Structure formats: structure tokens, C-alpha cells
Amino acid sequence: MKFFVDTANIDQIQEARALGILDGVTTNPSLMAKEGITGQDNIYEHYANICDIVNGPVSAEVISTDFDGIVQEGRELASIRSNIYVKVPMIKEGVKAIKQLSDEGIRINCTLVFSSAQALLAAKAGAAIVSPFIGRVDDTGHDGVQLIEQIVQIFDTYGYETEVLAASVRSPLHIPQTAQAGADIATCPFQTINDLFYHPLTDIGLEKFLNDYKKVNG
Ligand code: E4P
């Protein structure tokens with residue numbers, strides 16, 4: 001399973017890359033706003049900076065919600081760097097734009113997916129990635145990991161090459177769960193990636209090994 005970091009923070013992206021396990025980056029307008037990046041020129045420049053750090057897909061989201069606007073914005077975003085995946089929301093105009101942009105060879109990450117039917121529509125339109133928001137599904141009292149299982153099963157049954165990206169990951173537990181469910185990618189906040197490393201028995205075990213070594217080696 002590929003690991004993406006879900007942030008627009010340059011320091012976090014650099015730190016995640018230094019770990020040697022980073023495959024890509026996802027951003028969204030909320031994450032860009034959190035970094036204080038405003039105005040189209042600055043936003044596009046920030047995407048370029050992220051792309052130059054990461055050797056893998058970088059998702060950049062459109063703001064437009066009409067077909068013409070999404071297509072125009074999608075083309076602009078895709079021209080920033082070759083590793084940009086254009087993030088398009090799961091709305092009717094978005095699906096039409098996914099078809100158009102995918103036909104032009106632009107890779108699309110269909111975002112705000114909350115059902116297997118929506119994932120199927122995105123795949124049929126040619127999206128390279130679909131992003132079910134599992135944390136937000138959990139928030140509504142439904143099972144986000146089960147949604148991943150359903151989408152993976154449908155894509156396998158019909159041979160869709162669209163990758164399933166588990167988004168809105170909220171806890172370290174989501175990672176093995178989505179991996180087991182067959183997700184191709186999980187995108188996590190930087191803190192969640194850090195949390196994955198920790199197990200108390202690892203720390204206790206390491207301390208004992210080092211103490212035992214010191215006892216006999218000084
Ligand atoms: C990533 O592609 C999504 O935009 C992100 O994971 C959403 O996460 P949130 O539900 O924590 O905002």
C-alpha cells in the first residue's frame with residue numbers, strides 16, 4: 001500500500017520524505033488555507049514547490065464547481081508539474097469534467113466520495129484515483145473501512161484500474177484496517193504517520209537490549 005501525507009505544510013512533507021516511505025501528497029483547499037496560502041499565483045507556486053520535493057503524485061484540488069470551470073482549472077493545475085493529480089469533487093459537473101480531463105490524459109483524483117456508487121461513477125468516468133473519506137463516514141455512525149472493502153471488491157470484479165485512496169484517516173488503526181481492506185493508497189496527517197512507528201513493547205525491548213549490552217561491554 002502506498003503512503004501519502006495529507007498536508008500542504010512544506011516542513012512536514014520534507015520530514016515525511018526523509019523517512020523514506022513517502023509515495024505522494026494530498027492537499028485540499030482547507031489544508032492550503034491552514035498554511036496561509038492565498039491567491040491563485042501563490043497557490044500554484046506552492047503546488048510547484050510541493051511537487052519539486054515529492055517523487056510521486058501530488059493532488060491539487062479545483063475550486064470551480066461547473067464543468068467549464070473545472071476543466072479550465074484542471075488543465076492549469078496539470079500544467080504546473082507532471083506529477084500533479086487534479087482533485088475533482090464528486091458532483092455531476094465534476095464527473096463530466098473527470099471524463100473530459102481523463103480523455104486528455106490528465107490524472108484525476110475524485111474527492112469527497114462517500115459511497116460505493118459514487119466511486120463507481122468516478123471510475124467509469126476515468127478517474128485515476130477515488131478518495132473515500134473514511135473518517136467522515138465513521139463520524140456519521142457508518143463504517144468507513146467497510147466502504148473501502150466494497151469499492152475494492154467492485155473495482156476488482158469489473159477490472160477498473162482506478163486506485164482506491166483511503167482519505168480522511170484519523171487514527172493509526174485506520175492504516176492496517178484499510179490495508180487489509182485492499183486500499184491501494186492511504187493518505188494520513190503527518191502526526192498519524194509518526195504514530196505508526198510507536199509501540200511500547202518496542203521501546204521496552206530496545207531499552208533492555210541496550211542495557212544488557214552495556215552490562216557486559218561497559
Ligand atoms: C484528502 O485527500 C482529503 O482531503 C482529506 O484526507 C480529508 O481529511 P479530513 O476529513 O480530516 O478533512
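Predicted model: local features only at pLDDT ≥ 70, side-chain atom pairs only at ≥ 80, totals over all residues.
Residues are numbered from 1 along each chain as its sequence is written, and side-chain values use heavy atoms, with hydrogens and water left out.

Helix α5 comprises 12 residues, 92-103, and its end C-alpha atoms lie 17 Å apart, which agrees with the 16 Å that it should span at 1.5 Å a residue (the expected span being 1.5 Å times one less than the number of residues; helices are DSSP runs of H or I with at least four residues, strands are runs of E with at least two, and both are numbered from the N terminus). Within α5, Gly-94, Val-95, Ala-97, Ile-98, Leu-101 and Ser-102 are buried (buried means under 20% relative accessible area, exposed over 50%, and partly exposed in between, with a 1.4 Å probe and protein chains only). Seen down the axis of α5, these buried residues fall within an arc of 165°, and therefore line one face of the helix; the arc is that of the directions from the helix axis to the C-beta atoms. The face turned away from the buried side of α5 carries the exposed residues Lys-92 and Asp-103. The buried residues of α5 pack against α4 (67-78), β4 (84-89), β5 (108-113) and α6 (116-125), where contact means heavy atoms within 4.5 Å.

Leu-112 is partly exposed, with a relative accessible area of 33%.
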